[in-house]
Amino acid sequence: MHVKSVNLETVCGVTSVLPKNDKIEIAFAGKSNVGKSSLINALMNRKAYARTSSQPGKTQTINFYNINNELYYVDLPGYGYAKVSMALKEKWGKLIEKYLRTSEQLRIIFLLLDIRHEPSANDKNMYDWIVHNGYNPVIIATKLDKINRSQKDKQIKIIRKALNTVDGTPIIPFSSVTKQGRDEIMELIEFTMRGGFDEEYAQSQVEQEREMNEPQTESIKEESVSHEAYREEE
Ligand SMILES: Nc1nc2c(ncn2[C@@H]2O[C@H](COP(=O)(O)OP(=O)(O)OP(=O)(O)O)[C@@H](O)[C@H]2O)c(=O)[nH]1
Ligand SMILES: [Mg+2]
């Protein structure tokens with residue numbers, strides 16, 4: 001998708017009325033400071049259109065970014081922000097939940113997790129909520145640039161285990177610094193815009209996961225097969 005226009009169209013605080021949009025919505029959920037606004041900037045090809053901060057609790061409203069008049073990216077306030085009073089936390093929680101429950105255009109909820117850390121109880125609750133409410137869960141493991149390449153698979157396994165992910169849950173490692181993972185996320189968004197985050201996609205994820213868990217010799221065999229195919233094409 002070529003990004004032609006972006007517009008922060010609606011900003012909702014705890015007392016606002018949520019918009020009734022007529023284009024599909026894609027929401028970004030996750031703990032405060034995990035990188036939701038940074039990911040949205042990367043997807044919009046903008047450096048700082050969505051406000052980011054090294055201080056947790058930057059996004060305190062639900063922000064609807066209209067992209068090309070085709071869809072919305074919905075930036076949610078982060079949960080687990082310690083410096084906010086219990087009363088305000090509760091209000092934010094209610095606002096987020098109200099949005100997730102009542103939006104008629106919401107197609108995917110991306111759940112963002114820091115690739116370096118084991119998911120928290122809040123992350124687990126969010127993941128379970130997504131699954132139980134019939135959404136296809138998609139996890140984005142952020143800040144990939146902060147770990148060594150050799151640690152990646154191990155961290156993904158830790159996340160899978162802690163969340164007890166259902167079959168077909170993709171975990172896409174992403175870095176807003178190197179933009180690694182951006183194309184894969186974009187592909188998924190385009191797939192959703194065409195109307196289908198369907199069984200076929202879920203199945204391809206199950207297969208990918210299985211391949212990852214297969215002993216090394218298998219993947220070497222596969223590599224040589226694809227090499228063959230490549231040669232034939234030449
Ligand atoms: N190294 C690195 N830093 C990142 C990455 N993504 C986000 N950050 C940094 O992490 C901090 C928080 O990023 P935000 O995008 O504001 O996080 P958020 O999830 O929107 O946070 P809230 O609005 O508080 O909920 C900022 O200092 C970002 O620059 C990443 O992939 N790699
Ligand atoms: Mg933010």
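A: Ala, Val, Leu, Ile, Met, Phe, Trp, Tyr, Cys and Pro count here as nonpolar, Asp, Glu, Lys and Arg as charged, and the others, Gly among them, as polar. By that division, the shell around ligand 1 has four nonpolar, 15 polar and five charged residues. A residue is near the ligand if its C-beta atom, placed from the backbone, lies within 6 Å of it. In this sense 24 residues surround ligand 1, and the closest are Gly35, Ser38, Thr52, Thr59 and Gly78.

The model is predicted: local features need pLDDT of at least 70, side-chain atom pairs count only at pLDDT 80 or more, and totals for chains, interfaces and linings use all residues. Residues are numbered from 1 along each chain as its sequence is written, while chains are lettered from A and ligands numbered from 1 in the order in which they are written. The pLDDT, the predictor's confidence in each residue from 0 to 100, averages 87 over the chain, and 88% of the residues score at least 70.

The part to look at is strand 2, residues 24-30. Strands (E, at least two residues) and helices (H or I, at least four) are DSSP runs, numbered from the N terminus. A residue is buried if 20 or more other C-beta atoms lie within 10 Å of its own, exposed if 12 or fewer, and partly exposed in between, with C-beta atoms placed from the backbone. Six of the seven residues of strand 2 are buried, so the strand is largely enclosed by the rest of the structure.

Two strands pair if DSSP finds at least two bridges between them. Strand 2 pairs with strand 4 (residues 71-75) in the parallel sense over five bridges, and Phe28 stands opposite Asp75 there. Strand 2 also runs parallel to strand 5, joined by six bridges, with Ala29 opposite Leu111.

Ile24 belongs to strand 2. Ile24 is partly exposed, because 18 other C-beta atoms lie within 10 Å. Contact means C-beta atoms, placed from the backbone, within 7 Å. Leaving out residues up to four places away in sequence, Ile24 touches Leu71, Gln105, Arg107 and Met193.

A nonpolar core is a set of buried Ala, Val, Leu, Ile, Met, Phe, Trp, Tyr and Cys residues joined through C-beta atoms within 7 Å. The largest one has 44 residues, and Phe28, Phe110, Leu111 and Ala141 have the most contacts inside it. Its largest share, six residues, comes from strand 5 (residues 106-114).

Definitions and conventions. Two residues are in contact if their C-beta atoms, placed from the backbone, lie within 7 Å.
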